[in-house]
Structure formats: structure tokens, C-alpha cells
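I opened a new page in my notebook today. I wanted to look up how one chain is built and what lies inside.

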Amino acid sequence: MSFQTQFFPIASNIPGGGGDMTALALLLQTDRYNNLQDQVRGEFDDMQKRNDWLKTANSALAALRANRPANDKAIAEYGTFLDAQGNTQNVHKWMLAQNIPIEQLKGDTAGVQSEFDAAASNLKARIDTTNNESQMALIRLQSLMDKLNHCVELASNLLSKDGKAKENIIGNIR
């Protein structure tokens, strides 16, 4: 049973702007829950995009390593790789599109060993930065999940106390 179906019907029975405090508190908790749930969904979407980017970046890094020339004099193409969606990407073009510095020899998509090393170093730095962002996102997500659980707990406590109060009133009437 979802939070809304469990708690919202009670809170929505507030007569014409009035109502008891429990119903008003539940209405506020329902709104808070919905807002937090939207934020959690947004964090999950961002995490998925970040994970896809990391998967793609690691594939590009592997292609750089695989295509790296064996000596300083040799020139090699940066190569291609499969991104997170399974599409073939050109390493050079992808890195330029991601604003990751990559050398190019005479306007070509090829380089010498030192250029491959520099490109790999730049890509590793961006991967590290993105991993750090992922760690911060996990902390934000944990905080949002804690708030979401607290919201449900508070609503549950409100209902429990309201039910006990009503039982006491009915018991006193008898």
C-alpha cells in the first residue's frame, strides 16, 4: 500500500478549510512525501546518467590503451569503442564532444604515444571527478531516503496517536 493511499484519504477529509490537527498534519506530510519522492526519482535518474557516462568513459579509456602505439615514433588512430547504449563511438570525437582535451596530429584523429598518454591521463582525471560526484550524489540520496522514511514514520505516529485518542474518547462515552 503506498503512502498516498494509506494516508491521503484521511487528510483529504478536512471539512471546508477546517479539520482537526491530525488531518492537517497528514496533509502536510503527504505533500512533503510527494516532494521528497520527486527529488529521489531525480537523483536516481542523475545517477543512471552518470553511471552510463562512466561506462562509456571506461570503454573509451580501454580503446585508448588498446590502440596506443608501441613506441614514440609510431602514429596510430585513437580508435572506436561501444558506448553504454551499444553504439560505436570514435574515441577522438567522443572526447572532444565531452570537452576532454585530446591531441591530434595535423588535424587527424591519430596520435603518437605521448599524445595517447596525455589523452588517457585527461580522461582518467574526468572519470575520477565523475566518481567523486557519484559519491556526493550517494550521500544526497541517503539523506533524501532518510527524510522520506522519517516522513512516513511521522505520519504513521500521527495516525496511531489519533486512533488511540479516538478510542479513549469512545471508551469514556460508554
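My entries below go from the whole chain to single residues.

**Ground rules.** I am working with a predicted model, where local features need pLDDT of at least 70, side-chain atom pairs count only at pLDDT 80 or more, and totals for chains, interfaces and linings use all residues. I number residues from 1 along each chain as its sequence is written, and side-chain values use heavy atoms, with hydrogens and water left out.

**Overall layout.** I found 4 helices and 4 strands in the protein chain. These are DSSP runs: helices are H or I with at least four residues, strands are E with at least two, numbered from the N terminus. Along the sequence I read α-α-β-β-β-α-β-α.

**Burial.** Of the 174 residues in the protein chain, 32% are buried. Buried means under 20% relative accessible area (1.4 Å probe, protein chains only).

**The core.** I looked up the largest nonpolar core, which has 20 residues. Such a core is a set of buried Ala, Val, Leu, Ile, Met, Phe, Trp, Tyr and Cys residues joined through side-chain atoms within 4.5 Å. Trp53 and Trp94 are among the members that touch the most others. Helices α2 (21-67), α3 (91-97) and α4 (113-173) each give two or more residues. The most come from α2, with 7 residues. Apart from this core lies another of 9 residues, including Tyr33 and Leu141.

**Two residues.** Beyond four places in sequence, Trp53 is in contact (heavy atoms within 4.5 Å) with residues including Trp94, Arg126 and Ile127. Next I checked Ser134, in helix α4. Ser134 counts as buried because its relative accessibility is 14%. Leaving out residues up to four places away in sequence, Ser134 touches Arg50 and Leu54.

How values were computed. Buried means under 20% relative accessible area, exposed over 50%, partly exposed in between (1.4 Å probe, protein chains only).
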